[in-house]
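Have a look at the structure first.

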Amino acid sequence: MPDSDTKPLSQGHQKPSIMQTDSINTIILDLGQVIVPVDQDRTLRGLSCFVDPSRMQASALHPFFGTIARYENGEISNEEFLAALSLFLHQLNPSLPAAYPSRQTLIDIWNAMIPELPARNLTLLKKIRQHYKLYLLSNTNGLHVEYLDHLLPQGSAGFASYFDRIFCSYALKMHKPDPAIYQYVCNSISQKPENCLFVDDRAENIEAARSTGLNAIHLTDFNLSKLFEEDGRLAPDAPII
């Protein structure tokens with residue numbers, strides 16, 4: 001069912017017909033909480049190993065949010081981000097040795113918030129792609145994208161190979177919910193917004209997508225499969241707006 005901030009449906013508030021559903025030829029998916037789970041507490045616990053755990057609550061990261069935003073917007077590199085994260089830890093715990101924690105440890109802690117890449121979703125992506133053009137649109141960063149390849153089954157071609165193309169905020173230097181990023185994607189793939197379906201877990205990203213003419217579904221329960229039939233076709237009763 002649409003969430004409470006969904007705009008009213010036209011034509012007497014009826015669900016879309018099968019014909020409307022069949023007008024979709026392109027699927028655009030978010031990453032976190034749509035394809036992969038995200039558990040930021042895992043990263044907080046990792047950071048707590050190097051500072052007083054009582055100081056490493058979620059609020060402790062607030063001063064670092066600006067750096068994370070700059071990283072995901074492509075304003076700083078992987079190495080600059082890791083250096084900033086190390087500096088942040090040393091500010092919280094000045095007694096840490098200068099070269100501690102190591103670069104790899106910082107990478108592992110940062111990536112810990114992605115605990116898995118569910119096999120069921122990888123299978124679903126393959127099925128979806130048999131019927132639609134499939135794209136990824138995510139506010140994310142270089143280290144997370146590289147890490148996804150390590151979560152794949154041995155012998156896989158790479159996470160990007162599951163899509164016709166991936167669009168990441170750090171590479172585009174744009175981010176959701178800026179309407180420009182949705183317009184850029186549609187222009188880049190030569191598709192009309194009304195023929196695309198966008199799925200995201202954040203309401204503000206859904207509203208921005210709708211403002212540019214995209215059909216959109218707000219996924220709130222990390223259950224992408226409920227939107228599709230067993231063969232990967234979009235379910236006729238999916239709440240497309």
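Helix axes here are lines fitted to C-alpha atoms, for helices over the stretch in contact, with angles running from 0 to 180 degrees between N-to-C directions. Helices (H or I, at least four residues) and strands (E, at least two) are DSSP runs, numbered from the N terminus. This is a predicted model, where local features need pLDDT of at least 70 and side-chain atom pairs count only at pLDDT 80 or more, while totals for chains, interfaces and linings use all residues. Residues are numbered from 1 along each chain as its sequence is written, and side-chain values use heavy atoms, leaving out hydrogens and water.

Let's start with the helix pair. The axes of α4 (residues 65–72) and α5 (residues 78–92) come within 10 Å and cross at roughly 170°. That makes α4 and α5 roughly antiparallel; the label applies over 145 degrees. On the α4 side the contact (heavy atoms within 4.5 Å) uses Thr67, Ile68 and Tyr71, and on the α5 side Asn78, Phe81 and Ala84. Those residues split into 4 nonpolar, 2 polar and no charged. Ala, Val, Leu, Ile, Met, Phe, Trp, Tyr, Cys and Pro count as nonpolar, Asp, Glu, Lys and Arg as charged, and the others, Gly among them, as polar.

Tyr71 and Asn78 turn up again around glycine 142, which also touches Tyr170, leaving aside neighbours within four places in sequence. Glycine 142 sits in helix α8 (residues 142–151), and its C-alpha atom is separated by 8.0 Å from that of glutamate 72, 70 residues apart along the chain. Over in helix α6 (residues 103–111) you'll find asparagine 111, in contact with Leu143, His144 and Tyr147, not counting residues up to four places away.

How buried or exposed are these spots? Buried means under 20% relative accessible area, exposed over 50%, and partly exposed in between (1.4 Å probe, protein chains only).

| Residue | Relative accessibility | Class |
|---|---|---|
| Asparagine 111 | 3% | buried |
| Glycine 142 | 3% | buried |
| Phenylalanine 167 | 1% | buried |
| Tyrosine 184 | 33% | partly exposed |

Now for the rings. Rings of Phe, Tyr and Trp (its six-membered ring) pair if their centres lie within 6.5 Å, with planes under 30 degrees apart stacked, over 60 edge-to-face and the rest tilted. The model holds 9 aromatic pairs. One of them is phenylalanine 167 with tyrosine 184, edge-to-face at 6.3 Å centre to centre and 85° between the planes. Phenylalanine 167 belongs to strand β3 (residues 165–168) and tyrosine 184 to helix α10 (residues 179–189), so the pair ties together parts 17 residues apart in sequence. Elsewhere, ring pairs link Phe64, Tyr71, Phe81, Phe88 and Trp110 into a cluster.

Conventions
Angles under 35 degrees count as roughly parallel, over 145 as roughly antiparallel, 65 to 115 as roughly perpendicular and the rest as oblique.
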